[in-house]
Amino acid sequence: MPSAPLPSHVRVLVIGAGFGGLGTAIRLQQHGETDFLVVEKGTEVGGTWRDNTYPGAACDVPSQLYSFSFAPNPDWSRSFSPQPEIQAYLRRVADEAGVLDRFRFGTAVEDAAWHDDDASWTVRTTAGTVTADVVVAAAGGLSEPRMPGIDGIEGFNGEIFHSARWNHDYDLTGKRVAVIGTGASAVQIVPEIADRVAHLDVYQRTAPWVMPRRDRDYTTAERLGFRHLPGLQRLYRTAIYWGRECFVPGFTVNPGLAAPAKKAALANIARGIADPALRAKVTPTFEIGCKRILISNDWYPALARDDVDLVTNPITKITGSAVVTADGVEREVDAIVVATGFYTTEQPIAGHITGAEGRTLAEVWSEDGMAAYKGTTFHGFPNLFQIVGPNTGLGHSSMVFIIESQIAYILDALSRMRSDRLTSVQPRLGAQRRWNADVQRRLARSVWNTGGCSSWYLDAHGRNTTLWPRTTFTFRRLLSRFDPEQYVTTTRSGVPAPTDRRVTA
Ligand code: NAP
């Protein structure tokens, strides 16, 4: 069914319909704000959970916590939900909230530009142009697949696809397959496909830390309880939340606190692999937590199979039919699964957003890396809010908690703009700098910065511009109220608002 045409103007334009964009839309509606539109380049809601359909895809955070606080789901089948359940949950929540008439699917943002003269954004999309008072960018931190720059990869004549663009029309059964990468996606894919393929080569550049996955089906009694005793789900959610918050000091202050996790991960290797040479190959050489800690019970047993080879020699090139490593060995394959992650520190959406001074966010960030005020707003980009912006990522808990904290901040900003008749708000440069200096000071002692690894948390300058270095309840507290005193604000006449005169940058 063709989408309805775009309105010419909305108060709030939301980009993206994943957890961030959908959650924003629902909360806007709950707050009585109906003048909004969500544009989404895909064909339905879900974001990363719509796109990552690879075999074995599941969340590493229990769904009791990895779900909206305002939309509990009594139907989770197990503690770590598989992707189809999460996607079905998001579809259902969207349907039940009655917001989908304000979503335009198949509509990609080409560019968004701020105009000072009428204090609005002009957003050009593949379906037409819309102007907006406020833009909420919720395009996702892990949405743009990163293909590795391996020599010859374009000339491979077999089947090749990224883990986030799985080709379900291609049957891997009986094929010789290579998987490149050993991150969160690969550790889920490899055990799932190892049974089906004729032979599997797994190309590992860096051995990850992999803990046991304490996953189980919920019992019938639990599921009945979730349905009929609302307090029970809240209890589970609260217990999981606090259990995970306990990990924060091990990441941010004293990596020594992660010793029990390291012990469990080493025991996981010992349990899954008997061969000492293979055990050595999979044993990480950096501090646990430096890269994302993975969870799996079947990763190591999969690598130990006779029909699976773990290749640690670096890939030097790909020919029409084989992967070639530095030792000169050519391994013929029919298909290559590229599980090499995403663009995280150079977010593609940033190249499409132009601020008050005519520069894109990407241009501003190219100098010192990504930076925002409270991970959400940007000096020089009035009335722009980003969900899952710089330094909002987590190594230990649910991003949905962060997303809901940001949405609450945005709603408060919108209320304040309405009550104080503000036409534009942007953080003061000083406020943004102080925020980032504090974040970077805290990160400097974290395991992500000191643990002896390279990871997608760090940008080309070696700065950690992705992770939040404190507890999630601190993040929520700091974003609990929109703080106009930290903002440059204007009113309809273009003059600075009264709040603006109180504070100097
Ligand atoms: P990732 O964690 O970035 O892992 C990419 C893997 O590819 C790493 O092993 C990396 O090696 C390797 N690699 C990258 N470029 C390479 C190259 N040129 N040659 C050889 N190897 C190369 O990506 P991901 O597994 O897709 O996961 C990304 C993030 O998505 C995760 O960290 C997580 O936040 C999220 N995720 C979550 C789940 C879940 O909840 N279950 C599942 C999937 C993804 P190096 O380590 O040496 O860089």
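Colleague: What is the handedness of the link between cysteine 290 and cysteine 453?

Modeller: This is a predicted model, in which local features need pLDDT of at least 70, side-chain atom pairs count only at pLDDT 80 or more, and totals for chains, interfaces and linings use all residues. Residues are numbered from 1 along each chain as its sequence is written, and side-chain values use heavy atoms, with hydrogens and water left out. A disulfide, meaning a pair of cysteine sulfur atoms within 2.5 Å, joins cysteine 290 to cysteine 453 with an S to S distance of 2.0 Å. The angle about its S-S bond is -90 degrees, which makes the link of cysteine 290 and cysteine 453 left-handed.

Colleague: How many residues apart in sequence are the parts that this pair ties together?

Modeller: Helices (H or I, at least four residues) and strands (E, at least two) are DSSP runs, numbered from the N terminus. Cysteine 290 sits in the loop between helix H9 (276–282) and strand E11 (294–295), while cysteine 453 sits in the loop between helix H14 (447–450) and helix H15 (472–478), so the parts tied together are apart in sequence by 163 residues.

Colleague: Is cysteine 453 buried or exposed?

Modeller: Buried means under 20% relative accessible area and exposed over 50%, with partly exposed in between (1.4 Å probe, protein chains only). Cysteine 453 has 16% relative accessibility, so cysteine 453 counts as buried.
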